[in-house]
Amino acid sequence: MNALRRYVPALEWGREYDRSAFSDDLTAAVIVTIMLIPQSLAYALLAGLPPEAGIYASIVPIVLYAMFGTSRALAVGPVAVVSLLTASAIGQVAEQGTAGYAVAALTLAFLSGAFLLGLGLLRLGFLANFLSHPVIAGFITASGILIATSQLKHILGISAEGHTLIEMAGSLLTHLGQISVITLIIGVAATGFLFWVRKGLKPLLRNAGLSPKLADVATKAGPVAAVVVTTLSVWIFGLDGQGVKIVGEVPQSLPPFTMPGLSLDLIRQLAVPAIMISIIGFVESVSVAQTLAAKKRQSIDPDQELIGLGAANLGAAFTGGFPVTGGFSRSVVNFDAGARTPAAGVYTAAGLAIAAIGLTPLVYYLPKATLAATIIVAVVSLIDLSILKKTWTYSRSDFAAVLATIVLTLALGVETGVATGVLVSIGLHLYKTSRPHVAEVGLVPGTQHFRNINRHRVETDPELLMLRVDESLYFVNARFLQDLIQTRTSTDCKTRNVVLMCSAVNEIDFSALESLEAINTRLKEIGIGFHLSEVKGPVMDRLRKSHFLDELNGKVFLAQYDAWATLGKSLHTSDPEKYDYL
């Protein structure tokens, strides 16, 4: 049972479920359901799919995540960035509006689910760490711009194509003469209203004497009000006959059983996009889950989260949906509304199922401009250009990664942008670790501490070269250390001993071991002792398995001060121009 609870967390929290938790979860579910109905329809529109696909993707996936996920508040379903990635991926293999397009969406969800599930079972969640936060921030910012731009055609009531900012902007300019004035009025009014709801409605209701909880519920229901008013306007005044594009007929049913396409050619075309969607969705989801869990001093299991999200996507693939992940806005709403367990997601799914059966005829006259306004308002909060200034100030290499991700995502599309961001991040990491910070250290007078001679007033010995390596040693930087020591011992003939301070070295791989052996052999040939200090236990365990310690031309000291006390003779005090703590 313990092993089963590990893979099915619902068995764990389900044992402690009580009436109080039921009440809190049900309240949260009602609020989230109200929010999700227009949002689900809108994200299906963004993905280029029929509106019902958004509702279908929000029912079974939520239930499966509630069973297998570890976050108590994460709400799973369609999200803006993943919907954009979905449209970009399947738009290359099928034409929008065709049966092949819908099958491709199912296949993408299936591949994403299988990939996530495989990573979770193999406990490979750490692979997502290769997507750095600056790259994620840059990608989400660029995606927000692309998403907002892609919805302008619905606000303007014109036709426009393209997957990049340049293509979409050019297409919009080309068709500006076809603007539908009535659609534009509806779109602008809905957008303005939704922005006001986000910022101004809650304070207004609170000033009017409404309780905080009711004011919050009314604010979350803002998009529903926009849907109701604009739908009634189109129906009453017959605006659909005057050029206003509407959602049209939505099937009145529960999610159907569907089969993804499993042809090798389709799988080959969608495999890479599925991996990208999986990783980006996982990183976004885990970030939200960890943030919300920390607020209640709870924890999540990233590897189990992979299994939960994998199950959710597989559920979407077999019930007429498309790729899903944990959404930031709906999860925050779920958390703020008081959700205590994942059962809130199950109740939300039930509410959406009721909506799918009984409410879908009511959205027949819903203007697409209103759904576009919902998307635009939701994604504006994703755009954070301040990340450019922050990274420029703090780290130029991270700035380069962010800028490359934003520019290439806007110019070449989402897949190229995120792939480039990942490659730039890995490349910069390899470059920085290939040239690790190596400081020559000396003794801080009156202490047993050793610091950088260029940053502190310290005592040194001209015959003793003490180097602190601030990085693990592996194949990428092994040669760098070898060349550095060779340069220092070639130009300074007074050196009689070299001590490598290994307090920051967590790993020495075989390539680095061979470099250490080469350093030891060369120093031995020119009469210089080679010593190590403060070697960590796991590193020493590995070194003991080799012949390096037997052939070492010196000693291994437990502490750097022991090396100083044993090898230091004549003292010299450094006088750096500035002082620091590195």
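Buried means under 20% relative accessible area, exposed over 50%, and partly exposed in between, with a 1.4 Å probe and protein chains only. L270 touches A89, I90, V93, A104, T107, L108 and L111, with residues up to four places away in sequence not counted. Contact means heavy atoms within 4.5 Å.

The model is predicted: local features need pLDDT of at least 70, side-chain atom pairs count only at pLDDT 80 or more, and totals for chains, interfaces and linings use all residues. Residues are numbered from 1 along each chain as its sequence is written, and side-chain values use heavy atoms, with hydrogens and water left out.

The protein chain has 26 helices and 10 strands. Helices (H or I, at least four residues) and strands (E, at least two) are DSSP runs, numbered from the N terminus. The C-alpha trace spans about 95 × 60 × 60 Å along its principal axes. Of the 582 residues in the chain, 51% are buried. Among contacts with a separation of 6 or more, 80% come from residues 24 or more positions apart.

Two helix pairs were examined. Helix α5 (residues 60–68) packs against helix α17 (residues 343–358) at an angle of about 165°, and their axes are 8 Å apart. α5 is therefore roughly antiparallel to α17. Axes are lines fitted to C-alpha atoms, for helices over the stretch in contact, and angles run from 0 to 180 degrees between N-to-C directions. Angles under 35 degrees count as roughly parallel, over 145 as roughly antiparallel, 65 to 115 as roughly perpendicular and the rest as oblique. The crossing of α5 and α17 is left-handed. A crossing is left-handed if the near helix is turned anticlockwise from the far one by less than a right angle, and right-handed if clockwise. From α5, I62, V63 and A66 meet G345, V346, T348, A349 and L352 of α17. The residues of this contact divide into 6 nonpolar, 2 polar and no charged. Ala, Val, Leu, Ile, Met, Phe, Trp, Tyr, Cys and Pro count as nonpolar, Asp, Glu, Lys and Arg as charged, and the others, Gly among them, as polar.

α11 and helix α18 (residues 368–380) pack at about 35°, with axes 8 Å apart. Their crossing is right-handed. T183, I186, G187, A190, T191, L194, F195 and R198 in α11 meet A369, T370, A373, T374, V377, A378 and V380 in α18. By class, this contact has 9 nonpolar, 5 polar and 1 charged residues.

S180 sits in the loop between α10 (165–174) and α11 (181–207). S180 counts as buried because its relative accessibility is 12%. Residues up to four places away aside, S180 touches L156, G157, Q242 and G243.

M501 belongs to strand β7 (residues 497–501). M501 is buried, at a relative accessible area of 8%. Beyond its neighbours within four places in sequence, M501 contacts V441, L467, R468, V469, S533, E534 and Q560. M501 and I453 are 48 residues apart in sequence and 14 Å apart in space, C-alpha to C-alpha.
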